[in-house]
Amino acid sequence: PVFQGAVEAAQVFAQQAKGAGVNVKLRKLDSATFYGDNYLKWGFSQDFWYANYYLVQAAQATLPGAAYNETHWKDPKWIELVQSARGEIDDARRKELLHEAQKIEYDQGGYIVWSFSNQIDAFSAKVTGFTTSSTGIPLMDYGFRHVQFVAA
């Protein structure tokens with residue numbers, strides 16, 4: 001159970017596959033086993049990722065040589081598009097390159113994306129010192145060393 005709903009999603013996937021004539025045998029593992037010696041070697045498995053920008057996700061999980069390349073998917077055109085987007089300084093052109101790369105990955109990539117989980121960051125007037133994250137994702141850099149509790 002690496003993330004809420006993961007076990008249930010695997011069960012739904014198995015049921016849907018059975019409807020298509022494919023028998024999926026589920027094997028529930030504890031996190032230590034899943035992320036142990038066989039991690040990145042499982043033939044077919046389920047994992048989760050928090051929200052990332054597309055280029056960050058590609059660098060961490062999809063490009064050849066990425067540290068967490070779970071699917072080992074390689075598409076020369078996709079790689080070329082991502083590499084070009086990484087070096088593109090024109091926002092409109094980078095957007096075009098990324099849209100094309102995303103379509104290729106959606107159509108042919110190694111991931112089956114079954115959901116995007118809601119993520120919530122909370123703030124309080126009693127806590128000060130939070131700064132804008134360099135990633136643009138709220139609380140992504142945390143920066144708790146700057147945070148102070150304001151007593152009432």
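Leaving aside neighbours within four places in sequence, which residues is Val2 in contact with?

Tutor: A caution to begin with: this is a predicted model. Setting aside neighbours within four places in sequence, Val2 is in contact with Ser31, Tyr35, Asp47 and Phe48.

Start with where Val2 sits. Val2 belongs to the segment before helix H1, which covers residues 6–19. Its relative accessible area is 23%, so Val2 is partly exposed. The cut-off for buried is under 20%. Val2 and Ser31 are 29 residues apart along the chain, yet their C-alpha atoms are separated by 6.6 Å.

Next, the loop between H2 and H3. Helix H2 spans 31–34, and Phe44 is in the loop between H2 and H3. Leu40 is found in that loop too. Look at the backbone of Leu40. Its phi is near 75°, a positive value in a residue other than glycine. Leu40 counts as partly exposed, at 25% relative accessibility. Phe44 is exposed, with a relative accessible area of 60%. Phe44 also belongs to a nonpolar surface patch. Phe13, Phe44 and Ile112 make this patch, which has an area of about 320 Å².

From the surface, turn to the interior. In soluble globular proteins, nonpolar side chains tend to be buried together. Here the largest nonpolar core has twelve residues in all, among them Tyr54, Ala58, Leu63, Trp73 and Trp78. Leu81, Val82, Ala85, Leu97, Leu98, Ala101 and Ile104 are also part of this core. The elements that give two or more residues to the core are H3, H4 and H5.

Take H3 as the way in. Its buried residues are Tyr54, Gln57, Ala58, Ala61 and Thr62. Seen down the axis of H3, these buried residues fall within an arc of 100°, so they line one face of the helix. What do they pack against? The buried residues of H3 pack against helix H4 (76–87) and helix H5 (91–108).

Thr62 is worth a stop. Thr62 is in helix H3, which runs over residues 54–62. At 2% relative accessibility, Thr62 counts as buried. Not counting residues up to four places away in sequence, Thr62 touches Gln57, Asn69, Trp73, Trp78, Glu105 and Tyr111.

Follow the link to Trp78. Beyond its neighbours within four places in sequence, Trp78 is in contact with Tyr54, Ala58, Thr62 and Leu63, among others. Its contacts also include Trp73, Ala101, Ile104 and Glu105.

Between H3 and H4 there is a loop, and His72 lies in it. His72 is not a glycine, but its phi is positive, at about 55°. His72 is partly exposed, with a relative accessible area of 46%.

Now the charged pairs. A search of the whole structure finds four salt bridges. One of them joins Glu100 to Lys77, with the closest N and O atoms 4.0 Å apart. Glu100 lies in helix H5 and Lys77 in helix H4, so the pair ties together parts that are 23 residues apart in sequence. Glu100 counts as partly exposed, at 38% relative accessibility. Lys77 is partly exposed, with a relative accessible area of 38%.

An α-helix has 3.6 residues a turn, so residues three or four places apart point the same way. Glu96 and Arg93 are three residues apart in helix H5, which means about one helical turn separates them. Their side chains meet in a salt bridge of 3.1 Å, N to O. Glu96 is partly exposed, with a relative accessible area of 47%. Arg93 is partly exposed as well, with a relative accessible area of 38%.

Lys103 and Asp107 are four residues apart in helix H5, so about one helical turn separates them. Lys103 forms a salt bridge with Asp107, and the closest N and O atoms are 2.6 Å apart. At 51% relative accessibility, Lys103 counts as exposed. Asp107 is partly exposed, with a relative accessible area of 46%.

Technical notes
Residues numbered from 1 in each chain as written. Predicted model: local features only at pLDDT ≥ 70, side-chain atom pairs only at ≥ 80, totals over all residues. Heavy atoms only, no water. Buried < 20%, exposed > 50% of the residue type's maximum accessible area, 1.4 Å probe, protein only. Contact = heavy atoms within 4.5 Å. Arc of directions from axis to C-beta. Core = buried A, V, L, I, M, F, W, Y, C linked by side-chain atoms within 4.5 Å. Patch = residues over 30% accessible without salt bridge, like charges linked within 9 Å, V, L, I, M, F, W, Y side chains within 5 Å. Areas by Shrake-Rupley, 256 points an atom, 1.4 Å probe, with all protein chains shown as cover.
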